[in-house]
Amino acid sequence: MKKKNISSVFWIVIVITAAAVLWGVVSPDSLQQVTETAQNFITDSFGWYYLLVVSIFVGFCLFLIVSPIGNIKLGKPGEKPEFGLLSWFAMLFSAGMGIGLVFYGAAEPISHYAISSPSGETETPQAFRDALRYTFFHWGLHAWAIYAVVALCIAYFQFRKDAPGLISSTLTPLLGDKVNGPIGKAIDCIAVFATVVGVATSLGLGATQINGGLNYLFGIPKTFSVQLILIVVVTVLFLISAWSGIGKGIKYLSNTNMILAGILMIFMLIAGPTVLIMNSFTDSIGQYIQNIVQMSFRLSPNDPQKREWINSWTIFYWAWWISWSPFVGIFIARVSRGRTIREFLIGVLVTPCILAFLWFAIFGVSAMDLQQKGVFNVAGMTTDTMLFGALSHYPLTMVTSVLTLVLIAVFFITSADSATFVLGMQTSYGSLDPSNRVKITWGIIQSAVAAVLLYSGGLAALQNTAILAAVPFSVVILLMIVSLYKSLVSERKGIKQAEKYQKPRSPRVKKA
């Protein structure tokens, strides 16, 4: 690697990551206890902050959609989108949700229905309705608004204003030249570190679920050795994809994801309780829209049981999405060049939400129906095997289960592939085409981190660490919004002024 192509952020984050991993290896219990204590303090004391700040992100996105500002293009005037709509949607969906959809497809609705209900009563008709409504809430508009805000800021300043593709560069209207100093470096370090630990945790979860599926289907033992082999195989595959570039590897794999996910969804919609699925899907969308304001600000300060549920799910998710937003936001920005702000926001907020809602309705209702009728105790299984347990009670079990394993593996590859690209950008001065050596270095590092933490049992601690990084980064996102709005208003005034002077004046008629 040529040193001149690597920023100091690369080396700083390498040192911080190495220290965190070393702590996790030497004393995993200590790391988990410290990070869990810090996380509990933040969720207990600052839960209100998370709810307010994420609601601000949603409101800002909706405002821009209806505002004349929405006509401004994320690129130069006349520039066309780099990717077609279908490929664009596929890459949004794969990067933004990925393994999480498969991991929690049946597990979250089942948990809300039969294990811990937001209403406090499990396995009741109300718990059934709440299960899908809150799953939609956690994976819907709020999650994508967080990603959209970060992606919009990056895309606007990078493609419209020719700024480097760095988080710090979006704050230039507020901080000026300070973004090139220690403050800017600190912001970029937070973003890169959050990406490393977030993706490493996701890779660990992916390896765990693939191992769980292989164990459930074929009796392959759930051991670290098997998970290590899975990580090595997938690492080789996503490094090959990363080497081929974003226009080939990630694009083709994302399209493959959509095809595989579509096949699995359509089959389960037909094989499962079809009428109940579609009734629940439609009813839950109505419940979600009707109650979105109440859910957005729900804290239950006088009900400790319900407050504990909110901390464990809603606030946890908001912090988790914020910690992932540097990675997902930068990737979404990279593939969205040439679209207007309005087109971008509608595409990012609406399409992935509908697909996610349909996914959870199909697999969540299919699992809850088994639980409700007493056919099979899905809630009694481990989280990584709940989906396979539900599939085992529907036709073509082996086919659908193997297809699910392949889907997890491809999501695994696209998430890691996208992350290596983003990490390469962030540590190569915002380059739109980071060198293969930099991408491969990051690919090996994040896989090594996942493997070491699986071995030491420190994945939960690393997940907590990523969530802790969400606190300072949420402040950064608020500053990004102010900076973006300031620049957009200034540009809009300039456009209106230019249009005023360009209007042809009507010729004056001389009086006789």
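Which residue lies over the face of Trp88? Arg339 does, at 4.2 Å from the ring centre; a charge counts as sitting over a ring if NZ of Lys or CZ of Arg is within 6 Å of the ring centre and within 35 degrees of the ring normal.

This is a predicted model, in which local features need pLDDT of at least 70, side-chain atom pairs count only at pLDDT 80 or more, and totals for chains, interfaces and linings use all residues. Residues are numbered from 1 along each chain as its sequence is written, and side-chain values use heavy atoms, with hydrogens and water left out.

The predictor's confidence in each residue is given as pLDDT, from 0 to 100. Its mean over the protein chain is 86, and 92% of the residues reach 70 or more. Where pLDDT is low, the predicted coordinates should not be read in detail.

The protein chain has 19 helices and zero strands; both are DSSP runs numbered from the N terminus, helices being H or I of at least four residues and strands E of at least two. With a radius of gyration of 23 Å, close to the 24 Å that the globule rule gives for 512 residues, the protein chain is as compact as a globular protein of that length. That radius is taken over C-alpha atoms, and the rule is 2.2 Å times the number of residues to the power 0.38. Along its principal axes the C-alpha trace spans about 95 × 60 × 45 Å.

Of the 512 residues, 59% count as buried, which means under 20% relative accessible area, with exposed over 50% and partly exposed in between (1.4 Å probe, protein chains only).

Aromatic pairs number 31 in the structure. Rings of Phe, Tyr and Trp (its six-membered ring) pair if their centres lie within 6.5 Å; planes under 30 degrees apart count as stacked, over 60 as edge-to-face and the rest as tilted. One of the pairs joins Tyr147 and Trp321 edge-to-face, at 6.1 Å centre to centre with 75° between the planes. Tyr147 is in helix H7 (residues 141-160) and Trp321 in helix H13 (residues 304-334), so the pair links distant parts of the chain, 174 residues apart. Tyr147 is buried at 0% relative accessibility, and Trp321 is buried at 4%.

Ala38, in helix H2 (residues 28-66), is partly exposed at 28% relative accessible area.
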